[in-house]
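Have the structure open as you read.

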Amino acid sequence: MALAVPEQVATDTPFTAEVTVSAHGRTVPAGALTLDLPAGWSAGPARHAVPAVGDGRSHTVAFEVTPRAGERPDHRLRAVLVGDGWRTTAAALVTAEVGPPCPVPRDGLTLVAWDPRSGATVVDASGQGRDAAVEGVAGYQEAGPTGSALVLDGGSFLRTAPTTLGFLRVATFAAEVRVDGTGGYRRLFDWQPSGDDGRDGVLIDLTPSNAVRFIGSGAGVTTSATVPTGRFVDLVVTMSDGGRLTVYLDGREAATAQVPSTGINGCASRELRFGADQNGGQRLVGAVDRMAVIAGLLGPEEIGDWQRRAFGE
């Protein structure tokens, strides 16, 4: 008996498994044929009644199998033919994608939307409840795009309570930010343990020369996009499901880069920060107006519209 299956299958997408019963030298009696499947998988029909197969002949039946993601990519399937007092089996291996370690947010969902206006708390306009507290002095200025930008004086930054972002296959990070000066690494968005190589969380920061750096989806990369100083810049960083990064400055593509297509692991619970790392270091000096994180990929024609998408304005 032989079990034929594809080498690789997609989670939740049915595929055909064919079982061939062959007789060599004698007749194979009639029996009942089923599939022994990994946990969570299903097959239809549940069983086949296989008639007796005469010497030199064969009989093939098919099952429609629906796979489910598991903790490992390799899965063993077994065909089991049972008759009166006898049993025979055949096995095959199938590779299926490994499921994410936590839920994937709905495509296009705004995970956080901050528009600092006054006071020591910035309400999350996304409706997800990720309000941010201003660490340090909550100073504001009217020079921002909306007329109320939070001053980042080197002692202030934004922080949420510990929160989970979910597993992000695609993502968009956007901010209206003013960077004062150069020198040292300075955080923009930070949701990653300091020193992590990108397998746990995500961060976007500036290098000492103000180049935009991204660490997440299993790798870190410094792009060729450089943020100008002394004025507000509309900065957007997108990550596709293929790991392609695109940096936009003031609505125009400024750089591209590549990280693995493994996705951002946002399954832990930690503070989401803007302007400082998880230890309170690498602080940004300047100012920031609106900020947003979206669990979706904005294309070039949508970049200039991220504020409306995030805030409904």
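Of the 313 residues in the chain, 48% are buried, where buried means under 20% relative accessible area with a 1.4 Å probe, counting protein chains only. Keep in mind that this is a predicted model: local features need pLDDT of at least 70, side-chain atom pairs count only at pLDDT 80 or more, and totals for chains, interfaces and linings use all residues. Residues are numbered from 1 along each chain as its sequence is written, and side-chain values use heavy atoms, with hydrogens and water left out.

A few whole-chain values:

| Property | Value |
|---|---|
| C-alpha box along the principal axes | roughly 90 × 35 × 35 Å |

As for contacts (heavy atoms within 4.5 Å), 62% of those with a separation of 6 or more join residues 24 or more positions apart.

The chain has 1 helix and 27 strands; these are DSSP runs numbered from the N terminus, with helices being H or I of at least four residues and strands E of at least two. Its radius of gyration, taken over C-alpha atoms, is 27 Å, well over the 20 Å from the globule rule for 313 residues, so the chain is more spread out than a compact globule. That rule is 2.2 Å times the number of residues to the power 0.38.

4 strands make an open, antiparallel sheet in the order 1-3-7-5, with pairing requiring at least two DSSP bridges. Strand 1 (2–4) and strand 5 (42–44) are its edges, each pairing on one side only. Strand 1 pairs with strand 3 (residues 15–22) over 3 antiparallel bridges, and Ala4 has Glu18 of strand 3 as its bridge partner.

Notes:
Buried < 20%, exposed > 50% of the residue type's maximum accessible area, 1.4 Å probe, protein only.
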